[in-house]
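Hello,

Here is the structure I promised to pass on. Please have it open while you read the notes below it.

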Amino acid sequence: MAGHAARLMKPMFPLLYSPIGRIGTNTCKRLQWNHQIGQSCSRLPISVIQPTTVELMQCSAIHTTQILAKKDKGKKKKGTKVDTTTSADTSILDLGEVKRDMDKALEILKHDYIKSLSIRSSHGSLDHIQVETSDGKFPLNHLAQIATKSNNMMVVNMSNFPQATEAAAQAIQQSGMNLNPEVDGHTIKVPVPKVTKEHRENLAKVAKTMCNETKVNIRNVRNKYATIIKKHGQGKSKDVVFKLEKQIQQLLDESNNSATDILAAKTKELLGK
């Protein structure tokens, strides 16, 4: 009896008590089994709950399939890539032109990073600061002459647009580069800050903003050519038009990934990692 009781008290194939299949359901009903709270079934004869080998194999297969299905359920299926070396219809769209325009936006980003963002601030870092005027927003270098007076000082000459001097100083201060400009008549003196952790982090934020602006420019390129496809694709095969749209979308995705890689490299440089 001791051996018989011991066999009954062992966990009896928990897979059988899943609500899947005849075995699990029927056995659970007969035994009123609750595997989660471990109710005892020691008073029932072993023949009632002892499964056959075939039944065990069936339950195991069902359980394994269910686990695999759950793992696959949460996986996001990636879209099929298309060939972007040749346009699906050259009479509608020159795919090489799309790529050149997107690559141009990436080259501008690289150039601006080199010119405007460095650990030691240079006058180039002030060029693209947007200044709010009564006539709209303009880059600082469109309104002023910017020069480096010494290693520790930059000078912004606002004599061409003296009415925008205060607005320019405010824009410099709010640029996120840890700069504290000093207005002297129509001249703005900008002390170059020491290289601190905060300064590095501020430069990294500016780099991210510039990258986001580049992605907007790339998206505008895509939108431009999407309009061309829509206009010149009338009367063409829907499959051809759809493939062209997928081609420019894929070029957009690839260019955005390149912009992200450029940002990652610049951020690493700025933060000194």
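**How α5 meets α8**

E97, V98, D101, M102, A105, L106, L109, D112 and Y113 of α5 are in contact with A207, K208, M210, C211, T214, I218, V221, R222, K224 and Y225 of α8. By class, this contact between α5 and α8 has 12 nonpolar residues, one polar and six charged. Bear in mind that the model is predicted.

Now the geometry. Two packed helices are described by the angle between their axes and the distance between the axes. For α5 and α8, the axes come within 10 Å and cross at roughly 165 degrees. Angles over 145 degrees count as roughly antiparallel, so α5 is roughly antiparallel to α8. The crossing of α5 and α8 is right-handed.

**α5 against α9**

Helix α9 covers residues 238–271. How do α5 and α9 pack, and at what angle? The angle is about 15 degrees, and the axes are 10 Å apart. The cut-off for roughly parallel is under 35 degrees, so α5 and α9 are roughly parallel to each other. α5 passes α9 in a right-handed crossing.

Which residues meet here? On the α5 side they are L95, V98, K99, M102, L106, L109, K110 and Y113. On the α9 side they are Q247, I248, L251, L252, S255, S258, A259, I262, L263 and K266. The contact of α5 with α9 has 12 nonpolar, three polar and three charged residues.

V98, M102, L106, L109 and Y113 of α5 meet residues in α8, and these five α5 residues also meet residues in α9.

**α8 against α9**

α8 and α9 pack at about 170 degrees, with their axes 10 Å apart. Therefore α8 and α9 are roughly antiparallel to each other. Their contact divides into 16 nonpolar, five polar and nine charged residues.

**The largest pocket**

Next, look for the largest pocket. Its volume is about 590 Å³. How many residues line the largest pocket, and which lie nearest its centre? There are 25 in the lining, and H128, Q130, T209, M210 and E213 lie nearest the centre. Two helices, α5 (95–116) and α8 (197–232), each supply at least two residues of the lining. By class, the lining has 11 nonpolar, 10 polar and four charged residues. Note M210 in particular: this residue is among those nearest the pocket centre, and M210 is also one of the α8 residues that meet α5.

**Q145 in β3**

Q145 is found in strand β3, which covers residues 145–150. Setting aside neighbours within four places in sequence, Q145 is in contact with V155, V156, N157 and N160. Where does T187 sit relative to Q145? The two are 42 residues apart in sequence, and their C-alpha atoms are 9.7 Å apart in space.

Best wishes

Technical notes
Residues numbered from 1 in each chain as written. Predicted model: local features only at pLDDT ≥ 70, side-chain atom pairs only at ≥ 80, totals over all residues. Heavy atoms only, no water. 1 Å grid on protein atoms, 1.4 Å probe; cavity = no way out; pocket = protein on both sides within 12 Å on 5 of 7 lines; lining within 4 Å. Points joined across faces, edges and corners; volume = space filled by probe spheres on them. Helix = DSSP H or I, 4+ residues; strand = E, 2+ residues; numbered from the N terminus. Nonpolar A, V, L, I, M, F, W, Y, C, P; charged D, E, K, R; others polar. Axes fitted to C-alpha atoms, helices over the stretch in contact; angles between N-to-C directions. Parallel < 35°, antiparallel > 145°, perpendicular 65-115°, else oblique. Left-handed = near helix turned anticlockwise from the far one by under 90°. Contact = heavy atoms within 4.5 Å.
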